Amino acid sequence: MFLKTETATFGLFRLPHSCHPGEAHLFHQCAWARGRTMLLWIGFSLLTIVVIAALARPLLGGGKEAPTSHSADLAVYRDQLEAIEAEKDQGILGHAEAEAARAELVRRLLRAADGIADQSAKDQNPADAKSSESPSTPANIAVYAAAVLIPLLSIGVYISVGSPDLPGNPFAERMAHGRPGKSIDELIGMVEARLKEKPDDGKGWEVIAPVYMKQQRFEDGARAYANAIRFLGETPERISGFAEAIVLANNGLIVPDARKAYHRLLQLHPGQPEARFWLAVAKEQDSDIKGAIADLEGLLKDAPAEASWRPLVETKLSELRKSLEGGPDAGGGAPLAQSKPTAPQGASDGPGFQPSKEGVATVLQMSPEEQRAFMSQRIDGLAARLEKDSKDLEGWKRLVRAYKVMGRDADAAGAMAKARSIFVGDRAATEALDSLAKDLGVGS
Amino acid sequence: MIIEFGHFALILAVMVSAFQLVVPAYGAHKRDARLMEVGDRAAVTQFFLILIAFVALVHAYVVSDFSVANVVANSHSTKPLIYRISGVWGNHEGSMLLWVLIVALFGALVALFGSNLPATLKAHVLSVQAAIGLAFGLFILFTSNPFERLDPAPFDGRGLNPILQDPALAFHPPFLYAGYVGFSMAFSFAIAALIEGRTDAAWARWVRPWTLAAWMCLTIGIAMGSWWAYYELGWGGWWFWDPVENASFMPWLAGTALLHSALVMEKREALKVWTILLAILTFSLSLMGAFLVRSGVLTSVHAFAVDPQRGTVILAIMLVFIGGALALFAARAGELRQGGLFAPVSREGGLVLNNILLTVSCATVLVGTLYPLALEAMTGDKISVGAPFFNMTFVPLMIPLLVALPFGPFLAWKRGDLYGVAQRLTFAAVVALIVLVASAAWVQRGPWLAPFAIALGVFVMMGSVWEIGYRVKAGVVPWPEAMRRLRNLPRSVVGTMLAHFGVGLAVVGIAATSAYRIETIVAMRQGDHVETAGYVLTFKDASKARGPNYTEDLVTLEVTRGGKLVTTLTPSKRLYDAPPMPTTEAGILASWRGDLYTVVGDPQKGGGYAFRIYFNPLVRFIWIGALIMFIGGGISLSDRRLRVGAPVRSRRRAGAVA
Amino acid sequence: MTRKQRRGTIIIAAVSVLALATILTMFALRDSIVFFHTPSDVAEQKVNVGQRIRLGGLVEQGSVKRGGGTSVEFVVTDTLKTVAVSYKGVLPDLFREGQGVVAEGVLEPSGHLLADTVLAKHDENYMPPEVAEALKAKGVNLGKSASHPDAQASKTQ
């Protein structure tokens, strides 16, 4: 029932599974895999040959006489006659009834017998006789069809839908000997197995929680965050992770536990924008549009001018206002009603990570997790572009700021250092970078 | 690797079914025995290929091969073995594979055991059967492929919906599908008959065992589903008129009618056109059931999670088969020869009445199932059609059917003597009357109709017993002679009587449990007790327990009756690990007089739990009745006469006619 | 009896049974079907007092109050309007605040619903389709599993 989802999810992880020429150390495995694939195809060939042989045999041999329809009928009617006799003997059928039934059956019998006479007359007519000794033309065609079309079509279809080079992967075998190159799922499995034995290992929960989130296993994620909080204590990251997880696990509804978590986050970190934003959305879900607007306005007022999330809040706000004006019944007043667009792919083609106008709307529809993922994608795209076109000062500034906003301080410092080295000698640029570094507190 | 082998086998099977569709039909057209014989080979080959595919998938489930997407989505490494296996058909893709496996199985059985059939008829039957297999095979390969792989493999599966982890449900779908798909045989025979332009008594005899086998499987399949819903869902009911239940019930009603009309056709060569039409309609209803369950048109406990694209494909398959069959029927029905004559009061007349009532009641179920869909499509209003609708429409139609039922087998063919039959049924009627008075006097509550319904059930049961008595002349001839006669009774007669007896028993159970069920909702703390239906239930203890893949809150209830300890019941609330989902496990005390059914509800403020306690009188009769119907069908199927016609058979009296 | 007469008898029997069934069906469709409504429908007075309805929506956060014994009260919302529901009995396993629910019962003059049946969404992926659709129409985002598990596929990393 999750098939679609699975494919979509794991499709992204799908790696070229067979042999890369460069991966010399995997060569042994490759040879083994090739042998296995070969074996599989041999198996397919054998199976196909057996099938074709089974189908073609009667066509190649001489035809044998099948009972004609009328002799089969005769058998049935004779048997029915017997049954009537038996019932009459038992006294279940009265004499008159039995006689009537018998008369009827005899009529059927005679009709069937006539049929046989007709049939044999027909069969004596050479034009109709088909049971000659040499294989007739239709039989030949059928043999060719079986021998050629069945294997060709089968292999064609199989190549388009099958996965011949994928080995089977039984659970027990996998547990017994872990192979090199573990997939993310296997790694998760190992951590899970350890946690099963040592459920109070807070560090383990902490490690696995974001991985679950990435795998869209939100309920597991929520549990992992909750356990991390239980064993390691509260931190804003853990609480916000937990809140995010249960919101996602509940179809985007800000459920009571999430509210509690965001409130707690605000206690620890007064003014924390993420918590404020989602609590405002919670109000909206409670139909308290006005309250939601007021909260978001407050959030905007406190927001630093260059805060990356400003546009999100502004767009949300304007939509809320519109919905308030339009009244509850206006379809347009439903901020979250539009179908959730998929996150844009191919982020590297964007001009920078600053979301476009549609981008904002898109991002607004996303959960924080998705937003973050979306942002990272954008940032990575920007970084990749700057690798090629390194003279874009504005780009570098945006990149540093973005890293900082995302909490990737080391990357921010790295990007800053790189930018400095590129613009060495350009005074204006260096000055601009210096002031940015001061503003953000990035590696001076 | 095994899984890929299975995948390839499935593809080969689809190709073979295409071959089987074309070659035998062409052979029949050309009267070429060799080409027709290919049909037998192809049918058997196709079955073994699908069996390989199916076994490969089962293997993947058993070893938890999570490189198979279907296993990931529906299994989990911690699941007990039996549910790993039943998980194969607990989901859309796997159950479709089971579906085509059964289609192929029936085809192969005809090929292997149909040596008594005329070659052209058999060739046509196998062709039509192959067409069904081909359509669903392609459907599986291209929209619902259970052999889809994942790379890299996820570490563990998502688990099977825990309410499906149940022994009754493990075997309910295979029976149900065997029933649905078994009617495809009747369909194939009907199409073959229309193509050949010949329908006669012999045809009816050939088609009857297949119909009977399908009907048996469907009967027991529906009963298992109902039993599962009864004890697993924790709602205390056994039938909910849920659209998906109806989807299986409609083919059953039509199939029951078909079984009876084929009898008329076999014995008297009457009702030919009707029987052919009914064969087509029965399988059409099976297809419609598949469509409703899998298209997402309906949502229900039993429905699969679905995808609209699949629904469209199934709809197309359904329309092609039903439309094609009905078009062929319209073109050919006029050519069928008229059959034997009979008076309105006769065995045939009784069976016609049976057919009218069964098909019309089937139509009311159809209306009740489709009306909400139609209304929503036209006006956008959403409605639910529940038990009240069916109680008002279906139930009244069943009453004349049950009243008439005991008369039927006593009536003579062609022209019956109603008065004579009524005399023979006096004893049954008297017993029923006594039951009526006794039950009315004894319970003194519930709807006034209930004692009548119970008496009606008893009438049907007694009528069946009495017919056997009449046939063996019990009481008329000496005892050993009667026993000898009993042994000599044709098995089909015994089977019929058993099946009718089962109907009566089920009716008694249905009437009693619907009218006299006692429902108590109560909050209890530890030490509290409650009294219901003569039992005293005491809340002894609440504890937590850990099962193989769930944790549960277990409540212990001590049940006493007249001061004596009867048993302790342990209803529980479970929380499964994967997927994490709460379920309710009912604690049931089963006895002949009825089931004490306890469900634990929410924890209460200040300790204790809410409880729902039902007493369902005679509820077991329903499933025992169905089981007896199943057994009756089996005995009837084992009758030598249904297998008859093999030309090799030695016959005592062959010379008498030929 | 001639062939014609025989056929006539069968046809008369069939037609009379069919007529009976049709009449029963018409009555049943008039009297024993239940319409599905959302709280907004109730607020717009589309529903008459005393009418039996199925009310669908989400259980409002924090609205569940358990009374003495097994009686319980909660509020069903489609996020625009709300209807109070009272129910005596055992709630289904999956009944939770913030989750989809269908309550069947009779609308009281006070505008609250006296329910005798409460259905919760049946599993993690199932929400009564009427509820999902009605809520979507009212502009509530239900996220991944609103009515269709595959909706989840539209999420990306």
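Predicted model: local features only at pLDDT ≥ 70, side-chain atom pairs only at ≥ 80, totals over all residues.
1. Most residues other than glycine have a negative phi. Is B:L271 buried or exposed? It counts as buried, because 25 C-beta neighbours fall inside 10 Å, and the cut-off for buried is 20 or more.

2. Look for B:K414 in the loop of chain B between α14 (407–410) and α15 (418–424). This lysine counts as buried, because it has 20 C-beta neighbours inside 10 Å.

3. While we're on backbone angles, have a look at A:G441. Its phi is positive too, near 70 degrees, and this glycine follows α19(A). The helix itself, α19 of chain A (residues 427–440), has 14 residues, so at 1.5 Å a residue it should span 20 Å. The C-alpha atoms at its ends are 20 Å apart, which agrees.

4. Now for chain B as a whole. How many helices and strands does it have? There are 20 helices and eleven strands. With a radius of gyration of 27 Å against the 26 Å that the globule rule gives for 658 residues, chain B is as compact as a globular protein of that length. Its C-alpha trace spans about 85 × 75 × 55 Å along the principal axes.

5. The burial and contact figures for chain B go with that. Of its 658 residues, 62% count as buried. Take the contacts in chain B with a separation of 6 or more: residues 24 or more positions apart account for 74% of them.

6. Where the two touch, 27 residues of domain 1 of chain B are in contact with 27 residues of domain 2 of chain B.

7. Which elements of chain B give two or more residues to the domain 1 side of that contact with domain 2? They are α4 (81–86), α5 (92–113) and α6 (119–143). Of these, α6(B) gives the most, with ten residues. The residues on this side of domain 1 of chain B divide into 17 nonpolar, ten polar and no charged.

8. In soluble globular proteins, nonpolar side chains tend to be buried together. Here the largest nonpolar core has 241 residues, and B:A53 and B:A186 are the ones with the most contacts inside it. Helix α8 of chain B (residues 201–232) brings the largest share of this core, 22 residues. If you want to see what surrounds B:A53, leave aside its neighbours within four places in sequence: B:A53 is then in contact with B:G6, B:H7, B:A9, B:L10, B:A13 and B:L97. Another core, of 43 residues, lies apart from the largest one; among its members are B:Y535, B:I613, B:F615 and C:L113.

9. That last residue takes us to chain C. Its secondary structure comes to three helices and seven strands, and the order along the sequence is α-β-α-β-β-β-β-β-β-α. Chain C has 157 residues, and buried ones make up 48% of them. As for contacts in chain C with a separation of 6 or more, 49% come from residues 24 or more positions apart.

10. A:R398 is in helix α17 (residues 393–405) of chain A and counts as buried, because it has 21 C-beta neighbours inside 10 Å. A:I379 is 19 residues away from A:R398 in sequence, yet their C-alpha atoms are 9.0 Å apart in space.

11. The other is A:L110, in helix α4 (residues 95–124) of chain A. Buried or exposed, which is A:L110? Exposed, because 12 other C-beta atoms lie within 10 Å. A:L110 and A:L74 are separated by 36 residues in sequence and by 8.8 Å in space, C-alpha to C-alpha.

Key:
Residues numbered from 1 in each chain as written. Chains lettered and ligands numbered in written order. Contact = placed C-beta atoms within 7 Å. Helix = DSSP H or I, 4+ residues; strand = E, 2+ residues; numbered from the N terminus. Nonpolar A, V, L, I, M, F, W, Y, C, P; charged D, E, K, R; others polar. Rg over C-alpha atoms; globule rule 2.2 N^0.38 Å. Core = buried A, V, L, I, M, F, W, Y, C linked by C-beta atoms within 7 Å. Expected span 1.5 Å × (residues − 1).
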